[in-house]
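Please read the points below with the sequence and the model open side by side.

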Amino acid sequence: RVVRPPAARDDVLVVADSAGALTGLDLDDGDDVWSTDLSNGVDMGPAIGGDVVVASDMDGVVNGFDVADGTLLWQRRGRSYPTQPFAVTDEQVVMV
């Protein structure tokens, strides 16, 4: 079950489900392109800026994944938990 609004870029739709999976789907045929597990659940996300998908887990860790293949690129712990969807550009992630 999808728990957050999806995000799309080029030919990939990224969805988060209630079990903590973040999945990239092919927009043409709906097949899984990649999937990764945020073991403690998805709190906020996904949002896409440039080639990076951003999503946070239930511990407040913000994760950046490659939109093409789901590779984890970076993780950051914010000073607080996000309360609003991320604003993402090619070079910045804004968390409120």
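1. The largest nonpolar core has 13 residues, and those with the most contacts inside it are Val14, Leu22, Trp34, Ile48, Val53 and Val67. A nonpolar core here is a set of buried Ala, Val, Leu, Ile, Met, Phe, Trp, Tyr and Cys residues joined through side-chain atoms within 4.5 Å. Strands β2, β5 (42–49) and β6 (52–57) each supply at least two residues of this core. The largest share, three residues, comes from β2.

2. This is a predicted model, in which local features need pLDDT of at least 70 and side-chain atom pairs count only at pLDDT 80 or more, while totals for chains, interfaces and linings use all residues. Residues are numbered from 1 along each chain as its sequence is written, and side-chain values use heavy atoms, with hydrogens and water left out.

3. The chain has zero helices and 10 strands. Both are DSSP runs numbered from the N terminus (helices H or I, at least four residues; strands E, at least two). Of the 96 residues in the chain, 44% are buried. Buried means under 20% relative accessible area, exposed over 50%, and partly exposed in between (1.4 Å probe, protein chains only).

4. Ala16 sits in strand β2 (residues 12–16) and is buried, at 0% relative accessible area.

5. Which residues does Arg9 join into one salt-bridge network? A salt bridge is a side-chain nitrogen of Lys or Arg within 4 Å of a carboxyl oxygen of Asp or Glu, and by this rule there are two. Arg9 pairs with Asp10 (2.7 Å, N to O) and with Asp51, where the closest N and O atoms are 3.0 Å apart. Asp51 lies in the loop between β5 and β6 and Arg9 in strand β1, so this pair ties together parts that are 42 residues apart in sequence. Through shared partners, Arg9, Asp10 and Asp51 form one network. Arg9 is partly exposed at 28%, as is Asp51 at 47%.

6. Asp10 deserves a look at its backbone. Asp10 has a positive phi of about 50 degrees although it is not a glycine. Asp10 is in the loop between β1 (7–9) and β2 and counts as exposed, at 61% relative accessibility.

7. Asp29 is in the loop between β3 (21–26) and β4 (32–37) and is partly exposed, with a relative accessible area of 48%.
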